Amino acid sequence: MGSLKLYDKNLTYEAIASQREQAFLALPPEKKLQMLLNLNRNAVALNGGKPLKTPQGKGIIIKKS
């Protein structure tokens with residue numbers, strides 16, 4: 001599970017994003033995959049148990065533009 005991190009007011013959004021990116025890149029691949037699967041599980045749970053996207057049943061559609 002994630003953790004709450006409080007930042008100082010004088011940090012810019014770019015600095016915070018950079019810190020988060022560096023922390024994520026330092027993780028091993030197994031942990032990154034586990035985080036992705038947990039995110040997918042949470043998204044399905046928040047969508048009432050249904051996947052976010054469902055097939056439309058139209059098969060392959062090829063358009064000439």
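How much accessible surface does the protein chain have, and what share of it belongs to carbon and sulfur atoms? The total is about 6,700 Å², with 59% belonging to carbon and sulfur atoms; areas follow the Shrake-Rupley method with a 1.4 Å probe, and for residues only the protein chains shown count as cover. The model is predicted: local features need pLDDT of at least 70, side-chain atom pairs count only at pLDDT 80 or more, and totals for chains, interfaces and linings use all residues. Residues are numbered from 1 along each chain as its sequence is written, and side-chain values use heavy atoms, with hydrogens and water left out.

**Figure 1. The whole chain.** The protein chain has two helices and zero strands (DSSP runs numbered from the N terminus; helices are H or I, at least four residues, and strands E, at least two). Its radius of gyration is 19 Å, well over the 11 Å that the globule rule gives for 65 residues, so the chain is more spread out than a compact globule (the radius is taken over C-alpha atoms, and the rule is 2.2 Å times the number of residues to the power 0.38). Along the principal axes, the C-alpha atoms fill a box of roughly 50 × 35 × 25 Å. Of the 65 residues, 2% count as buried (buried is under 20% relative accessible area, exposed over 50%, partly exposed in between, with a 1.4 Å probe and protein chains only).

**Figure 2. Pro28 in the loop between the helices.** Pro28 lies between helix H1 (13-25) and H2. Pro28 counts as partly exposed because its relative accessibility is 41%. A separation of 40 Å is found between the C-alpha atoms of Pro28 and Ile62, which are 34 residues apart along the chain.

**Figure 3. Leu39 and the nonpolar patch.** Leu39 is found in helix H2 and counts as exposed, because its relative accessibility is 54%. Together with Leu33, Leu36 and Leu37, Leu39 makes a nonpolar surface patch of about 380 Å².

**Figure 4. Asn42 in helix H2.** Helix H2 spans residues 29-46 and contains Asn42. With 46% relative accessibility, Asn42 counts as partly exposed. The C-alpha atoms of Asn42 and Leu52 are separated by 11 Å, at 10 residues apart along the chain.

**Figure 5. Gly49 in the segment after H2.** Gly49 is found in the segment that follows H2, and its relative accessible area of 53% makes Gly49 exposed. Between the C-alpha atoms of Gly49 and Gln22, 27 residues apart along the chain, the separation is 33 Å.

How values were computed:
Patch = residues over 30% accessible without salt bridge, like charges linked within 9 Å, V, L, I, M, F, W, Y side chains within 5 Å. Salt bridge = Lys/Arg side-chain N within 4 Å of Asp/Glu carboxyl O.
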